[in-house]
Every structure is written in structure tokens, then in C-alpha cells.
Amino acid sequence: MRRPPRLLAAVAAAVVLAGAGTWTAAVASGDTRAVRVSDQVMAVDGVRLDTTYVTPAGTGRHPAVLLAHGFGGSKQDMRRQAEDLARDGYAVLTWSARGFGRSTGKIGLNDPKAEVADVSRLIDWLAKRPEVRLDKPGDPRVGMAGGSYGGAISLLTAGYDHRVDAIAPAITYWNLADALFPDGVFKKLWAGIFVNTGGGCARFEPALCRMYDRVAESGTPDPAARTLLEERSPSAVGDRIEVPTLLVQGQTDSLFPLGQADAAAKAIRANGAPVDVDWIAGGHDGGDMEASRVEGRVRAWFDRYLKGDKATDTGPAFRITRTGGVDSTDGTVRLRGASATAYPGLHDHRRAVPLTGGTQHIANPAGASPPGVSALPGLGGSGGLSQLSALGVGLSLDFPGQYARFDSAPLTRDLRITGAPTATVRIASTRDDAVLFGKVYDVGPDGTRQVLPAQLVAPFRVTGAKAGKDVTVTLPAIDHEVQRGHRLRLVLASTDLGYASPAAPATYTLSLKGDLSVPTAPAVRTAAAPLPAWVWWLPAAGAVAALALLLTARRRTAAPAPDPELAEVPLVIEGLSKRYARSTDRYAVRELSFRVEKGQVLGLLGPNGAGKTTTLRMLMGLIRPDEGEIRVFGHAIRPGASVLSRVGAFVEGAGFLPHLSGRENLELYWRATGRPPQDAHLDEALEIAGLGDALARAVRTYSQGMRQRLAIAQAMLGLPDLLILDEPTNGLDPPQIREMREVMIRYAAGGRTVIVSSHLLAEVEQSCTHLVVMDRGRLVQAGPVREIVGSGDTLLVGTAVPVGEPMAEKVAALPGVASAARTDDGLLVRLEPGGTAERLVVELVRLEVPVASVGPHRRLEDAFLTLIGGSA
């Protein structure tokens, strides 16, 4: 074992059990192996830590694992993973860190004298548990894992407490000062998110709060601020981390980019410890976190280094997840692994790419406003901007006059960049202090479409710039393939939304001092997709298949030609079917047909699982139908079809920059589409949305209703002929719903068409002119609202007492009855053709139904329930 840490000698306080805790048994739905769960509160050095202890149900001693949660989370975030590890033979302890969940104390950002000391006390407790395997008295066999904040505490504890045997930190930092103050530039948006997520400055240790206020006010990190954060960083004890380490880092992460894991890997490997590195598709900016795969690899890591199972395959020394487009069948992003037998670092096998551009002058505007846009912290989620960039969709912004650009010639062959490019530039400024932001774009053959890989930038501060200085800029580490015919574009900008720039105006003079140096890491090879069995018999069957196709003339080599007779019809759907994935007989949508004319506001209704969302996804070209076709203005819909430019969509709201006004957000969005400004018809869309003077206010001041209207205004930019709105009134109060109704009616009044999917039936009745009702993937009824609501084949049967489900089923089975559904007042009964109210009353009396009244219904809600037979 390694030497005892100094911290253990400095902090000596007993762990006191605040209560005996509650023991329960838990069984996962897909796993019959039970585990024992104990929730306990422990008093540690003056604070109370809320813990959960999960162990296998059997007897014996097991290796222990400490699971740490991310910043702003709690122990509950780790509960499922803890139970899964317990089922695999581990004793697992998870806890809420100081200031989070039900634990008390101030947030210390993993202060060695607070949060790190707390973990050592938890290890003391594990050493006394009869379920935990010991290496020697007081020394349990224990590993640690966690993401972000929890990943850092794993690294720190391994440096401070010699009893930790293996760690698996994910998407975390090695040096927090470098992460929040990269190259001397304040990462203001992420720092603000940290403070707000923690509950405000007062929830932090006073020294941290004072430091944040000081740096946020000045915009410039000072040496004391760096020291405070470095003391709380794993890098401070990097020479003491000597345990097997699995480093999982996110490629879409402007908070803790790949360089943080690179520094950790170098330092820990220098200590002689095994280190594997895994770059996942996601990160703090969104994307796929690959939770299942990563948890499996962590489990294998602990099986090898905690259980001592040397036969366990822990995976390659280095692995990258690469994005390979979108699966047209379900809209998911395709991921494929690439690996190498050794970690190449960020500068492996560099290739020089000449750039041109000459000497350029750019401005740092007063107040550093307006700022350029790259990553947008807080707007990630499962499909963040960085994931869009991986799919070749760019959303970044550089303002003219505020950036210099240097372009390569079109590439003559594909180029895979794996690591951090570098460039040396000459910088002169009218002021001594200059702040710039370096980024490398992938520019398409036409020169207009450009993508910023992972939406990452490299900020850097240049002191003494007034006299001119040569600076080597290390650009963000990425894994990105630039295709043949594309160009590389180095951009040096004076502002970025996520960072603090000097408020004083200045002029920067920039020129290149050499080529762009690009790492290629050729030893990293992408795994080949597995070959299905049919590949092996395909050659033998190929000739037969080709002959059959030729003889039957069924082979389709191109999309159907436009139908001129439908050129003025917004939407025609014929025989549309879509099977569930991996199913031959289960349908999400089946044989759906309907037509929508100009000027209609059509409501798409149906219970959950009716197929509405699948239909909309096919309509927007996101997935392909299995049978049938969709035509918009006569053109068949395919992914990427040009006619989709005439379709606008509002789906699950939109993310806006809170500090920008409503108008600025819309202008930014339209600029990102690359279409001419005059085509936006911004004023017309805003007039229809009816936001008035609020357009000049910051979006953070908007009510929920105003945000919804702004989102719909965004969908209306360009005045699309067909507007699709999915649940546009979610979260709105009655006055806001009325305003949204007026927006839809005004939009359609100009001869355009609106399709709205909503669960608010009373609102659909007032705002829609036509309806399509679906149930179980099929069309139930379509037509004008007044015809469906006023249909005479549906009766409301009032009863003296509520009717049970068995009786409703008996009524539905009567001759002449199509369906029957229970309501609060009785039954809704839809008659088959030829059925009469008189015959129904006779049958109801025979069944001893306590009939109080019978009459036609007049509400859409009643009609809807009747049409779907109560399946909602």
C-alpha cells in the first residue's frame, strides 16, 4: 500500500451513525437477484451526510464501491447503478455530498478538508462492515466511480487516501482552475451555472463565494482565484494517484473538454498505474452519454482490479465513439467505436495543412458585445448543439469585423482529426491585454456551410500584446472527419458568449506564422460493422433477385415524380404504414389516409400510442414509412426532400438564449440556417405571433405563454405554407391558451395550413376547422369539426348511478352498437349504421341499466371518447 496521506493525520473525527437506518429488499424488474438497501444519515465532522448502502442479499464479504453523484445532484441519482453493482457482487455506498440532497454543510467544490475528508470517513465505516472484504484491518477493498463532480472526488480521494484500490471517473476535471479559467480567460457562463445549480453563492464556502464575486465582477481571474481552485483539483495530488484508472471523457463538453482527461492520463500513467481512456459521444453539452456501455465497462474494470478476475476483458487502452449519421428508421444517431492498443494523446502523427489569409484587423467591441456564439451551456440535453455538429449541422455565429479567418485549399483526400490542432499566430493589439478565441471549422465545398466540431473553442489571453507577440494556439481536442473537397478554416474571434472578454474597445492585428498542424492518430481504427448472415449467401442469390426485379419492373431507383394535380394541395397521405422496429406484424401506423387543404387548421387527435407522433415524424421526413406515401404540394416526402423547406415545425418547444431579446434570438436562429435575411419574413411572423413590445426585452423576462409564442414565431419564419405544431399549449394557462388559438387562426387566415397535435380537446374544438382522429395506428374518422361533433350516430346515455366497466362492455356488444365508453354521467354510445335510439333503449332496459336520459352529444370530448371506444 502507498504511504498514508497527510489529510488523514490532519482530520480525526469519528463517524457517528445518526440512526439505525431502514433496511429494505429491492429487485429490479429485469433481474430476479435481490439486494439489501439501507438508508442512513451519518454525522461526519459536524455535518450530516445522507447515505444509501446496497449489498448483495447473500452472505460473505464483497469488494466495496463508492458511487459519487454529479454537481447539483444527490445520492438518488446513483441508486439504480448501486443496485446493479450490488447484484454483481459489490457492497455499494452512495451519498449526497455536502450542500446537496438532504446532506448539510457548505459546498466546498471537493475541498480536501471537507468533501474529501468525508469520503475517508465513509471508507472508515466500510472497513467495519461485515459485508466488505478487507485487505487488512481498517483497509477495505474499495473502488470509486462517478461523473463530473463525482468523478473529481474519485480522483482526489485516490490521491489523499491510500486505501482506494481502483477508480473510474467520468466527464470530470483534472485542474479546475484550467477548466474555469482556460489560459487566463474566465468561463463566465459555466461558472454562473455552477453557482446557480448549487443554490446561490451563499450555499458555498465563504472563500469560494468571495472568489466568484471578485472574478465575475472583474472578468479576469487573479492568482488567488487560481490557487483556490487548484487546491481543490486532482492535479494537486496527481503524483500520489497510483491506482488503476479508467478515464471516461465527453467529446461534446465545453466545461471539461478532452484535454482534462489527457492531463490526468499522463500524470497517473507516469506514476506506474494502469490507465485506459474512453472518449464517449456525449458530455456536459449534450449528446449520447452511452450509459449502458460505460457502466458495463466500469463494472469490468472493477471485476479486474477489485475482484481480481484477471480473465476479465476491460476493453481497449483507448476507445472513441464516432458518429456515423442518423438511422432513417427511427431517427437515432448511429454510433461506432474506434480503438487503439495505446492511448495516442492529443498530438499524435501531426499533418501540416497550409492556410491562407494574410494580415487581418479585427475589433474587440466596447463591452465585448455582441458576442460570438459557439457552445451554449445549459441547452444541451440529449440532443445538444454539439451533437448536431457531429451530424454536419452547424449552429455557430461570428460577427463580421470581429474575427479573422484563414482557409485551406480543398482537401484532396479525407482527413480524420483526432486530437488538438495547433497554429502559431502573430498578434498585436492597441491595448496590452488581448483575449481571443480560436476554432477550426469544417467548411463544405460551396464555401457557405460550415460546421464547428463539437461547438468547441479555445480561449487564450495574450499579455504584452501591444508590442506584438507570436503565440502558439492549442485548439480544442476533437475527433472529426473532414471529407475530401471540404476546407479547414481557422477562425480567431474577439468575443464569445461563454467567456469574459475585455470591456474596453481594441483593435487586434492578426497574421499566421505557419501551417495548421493537425493530429491524425492513424493507429486508432474504427471497428467494422458486423456482417449479417445474408452477406454470405447474397452472391448466390444476387442473379436471381436481379432477374426477378427486372421481370416484374418493381425496382425503384428514384423518388416518385411530383404530381402536378396535387401542386396546390398542402398534404395528402395515402396508405401510410410504419411497423415497430424489429417487428413484422406490429404497427405504429397502419393504412392511414387523409387529405388537408389550404386554409385549414387540422387537429390531429388520438390517445397515447395512437401513432400521432410517428405520423408527424414521417411527415417531417425524419423517418421513412414502410408502405404508402406522403405528398406535400405534390412532392413525395423523403429525408432531406427540398419541399420540406415549405414546412415549419414546432416540436417540444425551443431553446432560447435568455439574455438576448426575442427579436435577437429569432435573427440568430435564421442566420444559422444560412438562408437570405429577406426570406425570413420576420416582421410578418412577429405580427402574427403578437408579441408586441416584448420583442425588445430579454427572453428571461418572458412568461411561459410568451416563450411559446416566440417558439411558434420561430417555426413561422419564412412563412412556411404548412405549419406543424405539436402540443403548442403545453404549460399555458387559459388566457395564454386563448392567445395561442388566435395565433393559429391568424396564420391560417392567409391561405396557409396548420396541423396541430394536442390533448386539449375543448381547445381543439374552438381553434380547428377539421379533425383527424387516430386510434391504435389507424384512422378512425376525419372531417370538419362540426360534422364530427354534431354526428347523430352518437348518444349520451345518462344513468342514475355510475356504470361499471363490465356493463359498458355488455352495451358495446349489443346489436347495432359500434362502441360504448363510460363517462362521469353515464355512457357514450356510438351506433352502427341502421342502429336506432329506440332499439338501444329497449336493450338497455333489458340489461337493467338505470337509464335516466338519452340524447345526442354535442362536445368534442364526448365524440373523441366514443370514436376511440374508451381506449384513452
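Predicted model: local features only at pLDDT ≥ 70, side-chain atom pairs only at ≥ 80, totals over all residues.
Val841 is found in helix H21. Two elements, helix H21 (837-846) and strand E42 (851-856), each give the patch at least two residues. How exposed is Val841? With a relative accessibility of 30%, Val841 counts as partly exposed.

## Aromatic pairs

Let's turn to the rings. Searching the whole structure gives 13 aromatic pairs. One of them joins Tyr53 and Trp125 in an edge-to-face arrangement, with 5.0 Å centre to centre and 85 degrees between the planes. Tyr53 belongs to strand E4 (residues 47-56) and Trp125 to helix H3 (residues 115-127), so this pair ties together parts that are 72 residues apart in sequence. Tyr53 and Trp125 are both buried.

Phe71 and Phe100 also make an edge-to-face pair, at 5.1 Å centre to centre and 75 degrees between the planes. Phe71 sits in the loop between strand E5 (64-68) and helix H2 (79-87), while Phe100 sits in the loop between strand E6 (91-95) and H3, so the pair links parts 29 residues apart in sequence. Phe71 is buried because its relative accessible area is 15%, and Phe100 is buried too, at 4%. Which aromatic cluster holds Phe71 and Phe100? They form one cluster together with Tyr149, Phe194 and Phe204.

## Arginines over rings

Two arginine contacts round out the tour. Arg586 places its charged end over the ring of Tyr580, 4.5 Å from the ring's centre. Arg646 lies over the face of Phe633, at 3.8 Å from the ring centre.

Definitions and conventions. Residues numbered from 1 in each chain as written. Heavy atoms only, no water. Helix = DSSP H or I, 4+ residues; strand = E, 2+ residues; numbered from the N terminus. Buried < 20%, exposed > 50% of the residue type's maximum accessible area, 1.4 Å probe, protein only. Phe/Tyr/Trp six-rings, centres within 6.5 Å; stacked < 30°, edge-to-face > 60°. Lys NZ or Arg CZ within 6 Å of the ring centre and 35° of its normal.
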